[in-house]
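Dear colleague,

Please find below the structure that I am handing over to you.

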Amino acid sequence: MRSIKEVNVRGKTVLVRVDFNVPLKNNRVADDSRIRASLATIRFLIKKKAKVVLLSHLGRPDGFVDSLRLLPVAKKLESLLGKTVHYIPDCIGVNSFVEKLNQGEVVLLENLRFYSEEEKDDKVFAEKLASLGDIYVNDAFGVSHRAHASVHAITDFLPSFAGFLLQKEVKALSGLLKNPLRPFVVVLGGAKVGDKIGVIGSFVKKADAVLIGGAMMFTFLKSVKFEIGKSLFEPDRLSFAASLLKSKKIILPVDVVVKDRRVLSVRHMKKSSVGFDIGPLTAIIYSEIIKKAKTVFWNGPMGVFEVKPFDKGTAAVARAVSACSGASVIGGGDTISAVGKLHLKFTYVSTGGGASLEFLEGKKLPGIAVLKYGN
Ligand code: ADP
Ligand code: MG
């Protein structure tokens, strides 16, 4: 990958794909870790007198959705940079505005995913984005596992470089988990079961134990005929989950906390139960396994941590991962946000959830491959 250090950006309009997919609460940024993570790249470009055009997505909108506009993100970035950040409520057809930027100025364009073409890696859409600038920089490790227009097709149209965050993530993750010290434990939770369940197969080969929490646990439990009530699960992945369970390395919760806050054995969930967290016994069992590990990788909260008391399982796992004597690596937007208030230390914190999983699995990430080998 060519670094942004290798190009003269003075007076050039530089399009920077960042991953500002941050949690919002009451229309404010609830956790700014991902914004902070790209400050080095943005500050560098400002200092080098580029005109900085930031591109990001937020959430999974279907068309233009007011609650997923990037204005609160622009405000947060402005306070972190201590400098005006312009905001344009669109990302297409805004060339005349971008042309008025002065050297060292920053603008954040509107949520890329308001256009369905973004996720389709649409070339025409990518070309329209590319027409806004002279140089493209990918600093969005968290979306580099997706062949989307703003991380993939756009590199067809502009000289393309890696930002500092992208470089740092690739270096850290390649180094940390190349030859993991054993026991190597992987902890998986979160909500994007469909996206993430696929990687478990390869982690079963690489790791010594794979601990499952979050919504993902219910797909596994249901696959072997446990009652999971109204808990979230992935109907298409039941038989796949059942086949993975042939590996004794996959460890499932023994108890859960359900929506009415009761703790139930996984054998005693009812048709009306909704599982929101791993139970206290599971938290103890998982913590013991994690603490003995020499390498831990964790992605995905163990429960609906945003709502108390369903944050307890996640907090217990976070403390155990942090207490592990070997390398502790965590990743994912919500995972970072969940541990944010706990003031714990980890060997490495990745901004990417799905991206770090696929990277560690050994897959070529489309957004990184195009920077290395071209499109
Ligand atoms: P990350 O961003 O760290 O990669 P995900 O986006 O996959 O993680 O998942 C985070 C989300 O998972 C959180 O919003 C959390 O509320 C949700 N979640 C965790 N456990 C459950 C559950 N049992 N039921 C529903 N949602 C859950
Ligand atoms: Mg998330």
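Where is the place of Arg2 relative to strand S1 (13-17)? Arg2 lies in the segment before that strand. Please note that this is a predicted model. With a relative accessible area of 43%, Arg2 is partly exposed. Leaving aside residues up to four places away in sequence, Arg2 touches Ser160, Phe161 and Ala162. The C-alpha atoms of Arg2 and Gly163 are 9.0 Å apart in space, although 161 residues separate the two in sequence.

The sheet that contains S1

S1 belongs to an open sheet of 6 strands, which pair in parallel in the order S5-S6-S4-S1-S7-S8. Strand S5 (85-88) and strand S8 (160-162) form the edges; each has a single partner strand, so one side of each has no neighbour in the sheet. On average, and with direction ignored, neighbouring strands of this sheet are turned by 25 degrees against each other. Strand S7 (residues 135-138) runs parallel to S8 and is joined to it by 3 bridges. Within S8, Ser160 stands opposite Tyr136; Ser160 is also one of the residues that Arg2 touches.

Helix H3 (residues 71-81) lies across strand S4 (51-55), S5 and strand S6 (106-109). The direction of H3 is at about 170 degrees to S5.

Ala50 is located in the loop between helix H2 (39-47) and S4. Is Ala50 buried or exposed? Its relative accessibility is 0%, and Ala50 therefore counts as buried. Apart from residues up to four places away in sequence, Ala50 touches Val9, Gly11, Lys12, Val14, Leu45, Gln103, Gly104 and Glu105.

S9 and S15 run parallel and are joined by 5 bridges. Phe184 has Thr295 in S15 as its bridge partner.

Strand S9 (residues 184-188) is connected to S10 by 4 bridges, and the two run parallel. Val187 stands opposite Leu211 in S10. Strand S10 (residues 209-212) is covered on both faces: Ala209 and Leu211 on one side, and Val210 and Ile212 on the other, are all buried.

Strand S15 (residues 295-299) pairs with S16 in the parallel sense over 5 bridges. Opposite Thr295 stands Ala327 in S16. Which residues of S16 point one way, and which the other? Ala327, Val329 and Gly331 point one way, Ser328 and Ile330 point the other way, and all are buried. Strand S16 (residues 327-331) is accordingly mostly covered, with 5 of its 5 residues buried.

The contact of H7 with H8

On the H7 side, Val193, Lys196, Ile197 and Ile200 meet Met216, Thr219 and Phe220 of H8. The residues of this contact comprise 5 nonpolar, 1 polar and 1 charged.

Why is H8 described as largely enclosed by the rest of the structure? The reason is that 7 of the 8 residues of H8 are buried. These are Met216, Met217, Phe218, Thr219, Phe220, Leu221 and Ser223. After H8 comes Lys225, which has a positive phi, near 75 degrees.

With kind regards

Notes
Residues numbered from 1 in each chain as written. Chains lettered and ligands numbered in written order. Predicted model: local features only at pLDDT ≥ 70, side-chain atom pairs only at ≥ 80, totals over all residues. Heavy atoms only, no water. Contact = heavy atoms within 4.5 Å. Nonpolar A, V, L, I, M, F, W, Y, C, P; charged D, E, K, R; others polar. Buried < 20%, exposed > 50% of the residue type's maximum accessible area, 1.4 Å probe, protein only. Pairing = 2+ DSSP bridges. Axes fitted to C-alpha atoms, helices over the stretch in contact; angles between N-to-C directions.
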